[in-house]
Amino acid sequence: MAKKMHAAIVTEFGKPLSLREWDIPTPGPGQILVKTEACGVCHTDLHAARGDWPLKPTPPFIPGHEGIGIVVALGTGVTAVKEGDRVGVPWLYSACGHCEYCLQAFEPVCSEAEFGGYTKNGGFAEYILADPNYVAHIPEGLTAINAAPIICAGITTYKGLKETGARPGEWVAISGCGGLGHLAIQYAKAMGLYVCAVDIDDEKLAQATRLGADFTVNAKSGDPVAAVMKETGGAHGVLITAPSLPAFKQGVGMTRKRGTCVLVGLPPGEFAMPLFDVVANCITVRGSFVGNRKDMAECLAFAADGAVTAEIELQPLSAINQVFDRLQHGDVAARVVLDFSAET
Ligand code: NAD
Ligand code: ZN
Ligand code: ZN
C-alpha cells in the first residue's frame, strides 16, 4: 500500500479545503518527487478553490504553486536535477517545449502547459510530483521560506514590470500592494523606477512606503486617477495586481500617454475601457502571465542578493482555511507561507 502524506484538498468549489491524507505519489519516467519544506499561499489558490475562472481545475485537487522543497526521488531518465537539490514547483508546471510560444520562451501561454496546484497537484501537501525541466532552482543562501513567494508573486511582478517597458528614472504605478504588490514595489526600486503604490488599505500603504514606494494613494478615498496624474503626470508603466475590477479601469486611467498598463490581477469578470482615451493617448493594455524559466532565475537572483525580500507570516498547513478566509478579506499583510517543518 502507498505511504500517506498530509494534504489540503479542494473537494468541491467554494467549500473549505479538506485536511486529510493522500497517497504519496511515485515519480514515473522523467518525473521527480519533492519533499515540501514551505509553500506560499497566493490569491490564485483562492480563485482555484472557488472555481472562479473559465478554465477550471477538476476536484479533488491539491492547490499551491509556491512550493519549495528537496528532491527526494528521481524517475528513470532524469538528469536535470539530482537528489538533495532544493527546487520550487511553480505555476508553470510544464509545457510542450516545441510550439511557437515555447520556442519564443512564452511557455505560460503554451496550449499544452500544465499549471501547478491547478491542473496538477501542488504544494499544499508534504510531497509534490514535479517536472524537472520546469522546476525553479533555488540559489544557495535563499531559504525555502524566503524563496516560496518569489516563485509566483516574485516572477509575476518582475516579468510584469519588464512588460511595462518603463525605464530607470520613470514612474510605475502599482495597484494592489499585497502578496504580489509588496514584491513589485521592491523589484521596481531595484530596477531604478519611481513607484506610486495604490491600495485600499492604509496599513498596506504604510508597508509600501517602508518598502520604498515614493508616493502612495488610497483608492478608497478621493479620486485615485487624479492623484496619480497630479503627482506623476501619468505613470509610464502601470502594474495592476489588485484582485478587484474597479482597479482595472483606474489603472488604465493612470497610464501616461504612450505608456503601458500591464494586467496581472485575475478577479473573475470583465471591465470597460474608455476607448477614446486609450486610442487618443496611444496607450498599450496588455496581460501578463507569470514568466519563463529565465525570468525565474533572474527574479530569484534578486532575492538571493537581498535586493528583494518577501515579508512573510508563517502558518502550518492545518491553518489553511483560516488563511484563505483572511486573504479573501484583505487581512493578510503580505504573504503567508505554510511551514512544513511545523507539521509532524
Ligand atoms: P493579495 O490578496 O495578497 O493582495 C491583493 C491586494 O490588492 C491587497 O493588498 C488588497 O488590499 C488590494 N486591493 C483590493 N482591492 C483593491 C483596489 N480596488 N484597488 C487597489 N488595491 C486593491 O493577492 P495576491 O496574491 O497579490 O494576488 C493578486 C491577484 O493577482 C489575484 O487575482 C491573483 O490571482 C493574481 N495573480 C496573477 C498572476 C499572473 O500570472 N497574472 C500570478 C499570481 C497572481
Ligand atoms: Zn500565484
Ligand atoms: Zn508549447
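The model is predicted, so local features need pLDDT of at least 70, side-chain atom pairs count only at pLDDT 80 or more, and totals for chains, interfaces and linings use all residues. Residues are numbered from 1 along each chain as its sequence is written, chains are lettered from A and ligands numbered from 1 in the order written, and side-chain values use heavy atoms, without hydrogens and water.

Start with the zinc ion (ligand 2). Cys42 (SG), His65 (NE2) and Cys152 (SG) coordinate the ion at 2.0 to 2.3 Å. Donors are N, O and S atoms within 2.8 Å of the metal (3.2 Å for Na, K and Ca); water is not among the atoms, so sites may look incomplete. In sequence, the donor residues follow the spacing C-x22-H-x86-C. Cys42 sits in the loop between strand E3 (32–41) and helix H1 (43–50), and Cys152 in the loop between helix H3 (144–147) and helix H4 (153–164), so the pair ties together parts 110 residues apart in sequence. Cys42 and Cys152 are both buried, meaning under 20% relative accessible area (1.4 Å probe, protein chains only).

Now turn to ligand 1. Among the 30 residues around ligand 1, His43, Thr44, Asp199, Val290 and Arg335 come nearest; a residue counts as around the ligand if one of its heavy atoms lies within 4 Å. A polar side-chain atom of Thr44 lies 2.7 Å from an oxygen atom of ligand 1. A polar backbone atom of Leu180 is 2.8 Å from an oxygen atom of ligand 1. The protein buries 94% of the 870 Å² that ligand 1 exposes when taken alone.

Last comes the surface. Tyr101, Phe106, Val109, Leu266 and Phe289 form a nonpolar patch there, with about 400 Å² of accessible area together. Patch residues have over 30% relative accessible area and no salt bridge, with like charges joined within 9 Å and nonpolar side chains (Val, Leu, Ile, Met, Phe, Trp, Tyr) within 5 Å. A salt bridge is a side-chain nitrogen of Lys or Arg within 4 Å of a carboxyl oxygen of Asp or Glu. Areas come from the Shrake-Rupley method with a 1.4 Å probe.

Note on methods. A polar contact is a pair of N or O atoms within 3.5 Å; within protein, one must be able to donate a hydrogen and the other to accept it, and residues adjacent in sequence count only if both atoms are side-chain atoms. Helices (H or I, at least four residues) and strands (E, at least two) are DSSP runs, numbered from the N terminus. Buried means under 20% relative accessible area, exposed over 50%, partly exposed in between (1.4 Å probe, protein chains only).
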